[in-house]
Amino acid sequence: MKIEMLSSKIHRATVTDANLNYIGSITIDEKLMKAANLLEFQKVEILDVNNGERFATYVIKGDKDGEICLNGAAARKVCVGDIIIIVSYASMSLKKAKKFQPTIIHVDSNNKIDG
């Protein structure tokens with residue numbers, strides 16, 4: 001049996017931009033991606049604390065410090081300045097899941113890693 005587990009989370013990131021005219025996805029600062037063990041093109045779920053929206057998209061690598069930009073249709077679901085939680089999941093055996101610890105990254109209001 002396989003079970004879906006939280007794999008990584010960037011907690012309370014601030015949306016820095018929303019670009020309707022892009023093909024789609026979420027652009028995340030490469031440093032944050034590495035810290036959270038996220039890969040480019042990996043599926044993630046976005047949870048908007050401000051408006052309650054929950055939706056899935058995929059990650060693209062950003063080159064701007066602290067960048068969190070929702071692109072394409074996802075840009076309609078957020079506003080610049082919204083606080084979001086970015087989560088990824090992994091499928092694993094029940095045995096592995098019982099021992100697994102997700103990577104959780106907390107950021108400040110400028111999307112700098114806290115602590």
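Tutor: A residue counts as buried when its relative accessible area is under 20%. The model discussed here is predicted.

Student: What percentage of the 115 residues of the chain count as buried?

Tutor: The cut-off just given is applied to each residue, and a value under 20% puts it in the buried class. For the chain of 115 residues, the share that counts as buried is 43%.

Student: How many disulfides does the chain have?

Tutor: A disulfide needs two cysteine sulfur atoms within 2.5 Å. The cysteine sulfur closest to that of C69 belongs to C79, and it is 13 Å away, too far for a bond. Seen from C79, the closest cysteine sulfur is that of C69, again at 13 Å. The number of disulfides is therefore 0.

Student: Where does N37 lie, and what is its phi?

Tutor: N37 is in the loop that runs between α1 (30-35) and β4 (43-48). N37 is not a glycine, yet its phi is positive, at about 60°.

Student: F41 has a positive phi too; is its side of the chain buried or exposed?

Tutor: F41 sits in the loop between α1 and β4, and its phi is about 75° although it is not a glycine. Its relative accessible area is 58%. The exposed class starts over 50%, so F41 is exposed.

Student: What radius of gyration does the chain have, and what would a compact globule have?

Tutor: The C-alpha trace spans about 45 × 30 × 25 Å along its principal axes. For 115 residues, a compact globule would have a radius of gyration near 13 Å, and the value for the chain agrees with this, at 14 Å.

Student: What share of the contacts with a separation of 6 or more comes from residues 24 or more positions apart?

Tutor: A contact requires heavy atoms within 4.5 Å. Among contacts in the chain with a separation of 6 or more, the share from residues 24 or more positions apart is 79%.

Notes: Residues numbered from 1 in each chain as written. Predicted model: local features only at pLDDT ≥ 70, side-chain atom pairs only at ≥ 80, totals over all residues. Heavy atoms only, no water. Rg over C-alpha atoms; globule rule 2.2 N^0.38 Å. Buried < 20%, exposed > 50% of the residue type's maximum accessible area, 1.4 Å probe, protein only. Helix = DSSP H or I, 4+ residues; strand = E, 2+ residues; numbered from the N terminus.
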